[in-house]
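Please read it alongside the model.

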Amino acid sequence: MSKSGRKPRNGRPVGRPRKKTDERQVHELAKLGCTQYEAASVLGIDHRTFKRRLQEPVFYQAWEKGQAVGAVALRQLQWKHAKRLDASGVAMTIHMSKHRLGEHDKALHLSLTVQDVDEMIVRLEQERTRQIGANARETSPN
């Protein structure tokens, strides 16, 4: 077998020559947040070929590191926008954060009324008062 993994026939490898893939380019595409389909298209290879390349440690590490660097850059942008007084670019940062970082702004919806919450607060305060009284009795010398 040749070092590319193909069986030679009459001294020549069989099959299509392997397309060169640059791990730096894979890293940059991952850093931009490209999908595997988009990255494959830019590299000029089929998406299945790209997935097979990602099984090689060099390309897998480049892809993973690129995604991590892109996520950190987005978080830095979030902080930058959080410190600004105007709202320029904030909507896009929020949009990208939701999709890229898995963040969301969904609130927990419970069917509680204000009266229900007030009653829970009163019960919690009563329980706390009971616990404080019990602790004081345990620690006081008789």
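Threonine 21 counts as buried because its relative accessibility is 15%, where buried means under 20% relative accessible area, exposed means over 50%, and partly exposed lies in between (1.4 Å probe, protein chains only). The residue is found in the loop between strand E2 (12-13) and helix H1 (23-31); helices (H or I, at least four residues) and strands (E, at least two) are DSSP runs, numbered from the N terminus. Leaving aside neighbours within four places in sequence, threonine 21 is in contact (heavy atoms within 4.5 Å) with Val26, Leu43, Ile45, Arg53 and Phe59.

The model is predicted: local features need pLDDT of at least 70 and side-chain atom pairs count only at pLDDT 80 or more, whereas totals for chains, interfaces and linings use all residues. Residues are numbered from 1 along each chain as its sequence is written, and side-chain values use heavy atoms, with hydrogens and water left out.

The chain holds six helices and two strands, which run β-β-α-α-α-α-α-α from the N terminus on. Of its 142 residues, 18% are buried, and of the contacts between residues at least 6 apart in sequence, 51% join residues at least 24 apart. The accessible surface comes to about 11900 Å², of which 55% belongs to carbon and sulfur atoms; such areas come from the Shrake-Rupley method with a 1.4 Å probe, and for residues only the protein chains shown count as cover.

Leu43, one of the contacts of threonine 21, belongs to helix H2 (residues 36-43), where Ala39, Ala40 and Leu43 are buried. Seen down the axis of H2, these buried residues fall within an arc of 100°, so they line one face of the helix; the arc is that of the directions from the helix axis to the C-beta atoms. In general, an α-helix has 3.6 residues a turn, so residues three or four places apart point the same way. On the other side of H2, Tyr37, Ser41 and Val42 are exposed, while the buried residues of H2 pack against H1, helix H3 (47-53) and helix H4 (57-83). Glycine 44, with a positive phi near 75°, follows H2.

Which way do the planes of phenylalanine 50 and tryptophan 63 lie in the one aromatic pair of the structure? Their ring centres are 5.3 Å apart and their planes are at 75°, so the pair is edge-to-face; rings of Phe, Tyr and Trp (its six-membered ring) pair if their centres lie within 6.5 Å, with planes under 30 degrees apart counting as stacked, over 60 as edge-to-face and the rest as tilted. Phenylalanine 50 lies in helix H3 and tryptophan 63 in helix H4, so the pair ties together parts that are 13 residues apart in sequence. Both residues are buried.

Glycine 66 is also found in helix H4. Not counting residues up to four places away in sequence, glycine 66 touches His27, Ala30, Lys31 and Arg100. From glycine 33 it is 33 residues away in sequence and 8.4 Å away in space, C-alpha to C-alpha.

| Residue | Relative accessible area | Class |
|---|---|---|
| Threonine 21 | 15% | buried |
| Glycine 66 | 0% | buried |
| Isoleucine 121 | 42% | partly exposed |
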